[in-house]
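Reader: I'm new to reading protein models. Could you walk me through one, starting with whatever sits around a ligand?

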Amino acid sequence: MTEPTPPGPAPAEPAGSQARRADLAARLAAVRDRIAAAARAAGRPDLPELIVVTKFFPASDVRLLAGLGVRRVGENRDQEASAKAAELADLDLEWHFIGQLQTNKARHVARYAHAVQSVDRPQLVSALSRGVAAENQRRAGEGLPARSPLECLIQVDLRSPAEHARDAGPAHRGGALPADIGALAGLVDAAEGLRLGGLMAVAPLGADPAAAFARLAGLSAALRASYPGADVVSAGMSQDLEQAVAAGATHLRVGSDVLGPRPPLR
Ligand SMILES: *Cc1c(COP(=O)(O)O)cnc(C)c1O
């Protein structure tokens, strides 16, 4: 026996989800205001693109953000990113991979990523190119169209070469030395299935972000002299987005100021 359908509106969504949406909406609006104010202060007529970094936060948050107009999301671990991308396949989202990437994950990342912002060594370039080829073969086998070329940003380590060399181990945050940008750019440009997008950097700990981003802008100008289309400058996080906007960043990667403090590291 079925219960009669109760009259009235459809069941409301859970109160927790409504509260979270309001929280995300308020934080997102505050970040957008900061970006607009920084662009005005810098006399910039354009606004940089916002990539919301959703690492450590659940797919349900990404869905709420998409409902608030977010299209670009950033993730730094393949396992977490691919699970969210699969769960949210019904949404029109661009996934930007921003973390250290092992070559054996390159093929998997090519399944869902629009861009890899952390290209920092030749072996990764060839692994990503092979990954795109394998992904397109898989799609062809299923009668699906080929994916778009994978946008690759070269991640630049703005610390001194001595500091760069000192922690090349597992804790290394990644990035190629500025002197190696030209060679890497040539490899990406020549690689099948990849598109050279530009540069990405994190301001070094303890350094003045304005100076770091000014240096990145100079490196970008030099890159664009050879590759005019490689005009992306991805710089600026929650703490230093104003300095990045002032230095001409085209893309900002903002996590905690949109989503709140990250849950403790798992
Ligand atoms: C986590 C992360 C961000 C976002 O940092 P917030 O301080 O949370 O804004 C940006 N870029 C990279 C490479 C990251 O790993």
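This is a predicted model: local features need pLDDT of at least 70, side-chain atom pairs count only at pLDDT 80 or more; totals for chains, interfaces and linings use all residues.

Reader: Which atom of the ligand does a polar side-chain atom of S238 lie 2.5 Å from?

Author: An oxygen atom. R253 also puts a polar side-chain atom by the ligand, 2.9 Å from a nitrogen atom. With G255 you look at the backbone instead: an N or O atom there lies 2.8 Å from a ligand oxygen. As for cover, the ligand taken alone exposes 390 Å², and the protein buries 90% of that.

Reader: Now strands. Are the residues of β5 buried or exposed?

Author: To read burial, check the relative accessible area: under 20% means buried. In β5, residues 150-156, seven of seven are buried. L150, C152, I154 and V156 point one way, E151, L153 and Q155 the other.

Reader: Which strands pair with β5?

Author: Look for bridges. β4 (residues 115-119) runs parallel to β5, with three bridges joining them; A115 has E151 as its partner. β6 (residues 194-201) is also parallel to β5, over seven bridges, and there V156 stands opposite A201.

Reader: And what do β4, α5 and β5 make together?

Author: A right-handed β-α-β unit, with α5 covering residues 122-141.

Definitions and conventions: Residues are numbered from 1 along each chain as its sequence is written. Side-chain values use heavy atoms; hydrogens and water are left out. Buried means under 20% relative accessible area, exposed over 50%, partly exposed in between (1.4 Å probe, protein chains only). Helices (H or I, at least four residues) and strands (E, at least two) are DSSP runs, numbered from the N terminus. Two strands pair if DSSP finds at least two bridges between them. A crossover is right-handed if, with the strands pointing away from the viewer, the path from the first strand over the helix to the second runs clockwise. A polar contact is a pair of N or O atoms within 3.5 Å; within protein, one must be able to donate a hydrogen and the other to accept it, and residues adjacent in sequence count only if both atoms are side-chain atoms. Accessible areas come from the Shrake-Rupley method with a 1.4 Å probe; for residues, only the protein chains shown count as cover.
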